[in-house]
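Hi,

Here is the model I promised to pass on.

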Amino acid sequence: MSNIEQVARFIVVGLVTALVYCGLLVFIVEVVGLWPVLASGICYVLTVALNYLLHYHWTFTATAGHAVVVNRYVVMLFGGFVLNSGVMYIGVNLMEWNCLLVQAGAIGLIATWNFILSSLWVFRG
């Protein structure tokens, strides 16, 4: 698969995951009434399985088994979780910006982080 095709697939998976994530975020903040930073963390965790499976089977077509890849994926996600929570805390609590606008910026940052680590380490054999 070409690099351009891999980036395109990564973007498609990211968009699907982001749409699911944002829908859940709005629901949890607006309907359930949770604090946006906590809601963001919950959404991040809930969309992990979908994102992992799509990337494992479609974007990166991993050659290593799940036992190896899942461990690497969890390390990558933990870093992304810390980045996401930090951005949300600063943006929502300190800057008092709209949680969805802050989340949009966080998604861009985390997408870049995830692509680099996924293509160079996580899904490699």
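How many aromatic pairs does a search of the whole structure find? The search finds 10, where rings of Phe, Tyr and Trp (its six-membered ring) pair if their centres lie within 6.5 Å, with planes under 30 degrees apart called stacked, over 60 edge-to-face and the rest tilted.

Before the details, a word on the source: this is a predicted model, so local features need pLDDT of at least 70 and side-chain atom pairs count only at pLDDT 80 or more, while totals for chains, interfaces and linings use all residues. Residues are numbered from 1 along each chain as its sequence is written, and side-chain values use heavy atoms, with hydrogens and water left out.

**Rings**

One of the pairs is Phe10 with Phe115, edge-to-face at 4.9 Å centre to centre and 75° between the planes. That pair links distant parts of the chain, 105 residues apart: Phe10 sits in helix H1 (residues 3-32) and Phe115 in helix H5 (residues 99-122). Helices here (H or I, at least four residues) are DSSP runs, numbered from the N terminus. Phe10 is buried at 11% relative accessibility, whereas Phe115 is partly exposed at 21%. For those words, buried means under 20% relative accessible area, exposed over 50%, and partly exposed in between (1.4 Å probe, protein chains only).

Phe115 also pairs with Phe60, this time tilted, at 6.1 Å centre to centre and 40° between the planes. Here the partners are 55 residues apart, with Phe60 in the loop between helix H3 (48-59) and helix H4 (66-94). Phe60 is buried, at 8% relative accessibility. Ring pairs join Phe10, Phe60 and Phe115 with Tyr52, Tyr56, Tyr73 and Phe123 into a cluster.

**Helix H5**

H5 spans only 30 Å between its end C-alpha atoms, while a straight helix of 24 residues would span 34 Å (the expected span is 1.5 Å times one less than the number of residues). Its buried residues include Cys99, Ala106, Ile110, Asn114 and Val122. The buried residues of H5 pack against H1, helix H2 (36-46) and H4, with contact meaning heavy atoms within 4.5 Å. At the N-terminal end, Asn98 caps H5, with a side-chain oxygen 2.8 Å from the backbone nitrogen of Leu100.

**The largest pocket**

This pocket holds about 420 Å³ of space. A pocket is an open set of points on a 1 Å grid over the protein atoms alone where a 1.4 Å probe fits, with protein on both sides within 12 Å along at least five of seven lines; lining residues have an atom within 4 Å of a point. There are 22 lining residues, and Gly14, Thr17, Asn51, Ile107 and Asn114 lie nearest the centre. H1, H3, H4 and H5 each give at least two residues to the lining, and H1 supplies the largest share, seven.

Thr61, in the loop between H3 and H4, has a positive phi near 35° without being a glycine, and is partly exposed at 41% relative accessibility. Glu96, in the loop between H4 and H5, also has a positive phi, about 60°, though not a glycine. Glu96 is exposed, with a relative accessible area of 68%.

Cheers

Notes. A polar contact is a pair of N or O atoms within 3.5 Å; within protein, one must be able to donate a hydrogen and the other to accept it, and residues adjacent in sequence count only if both atoms are side-chain atoms. Grid points are joined across faces, edges and corners, and a volume is the space filled by probe spheres set on the points.
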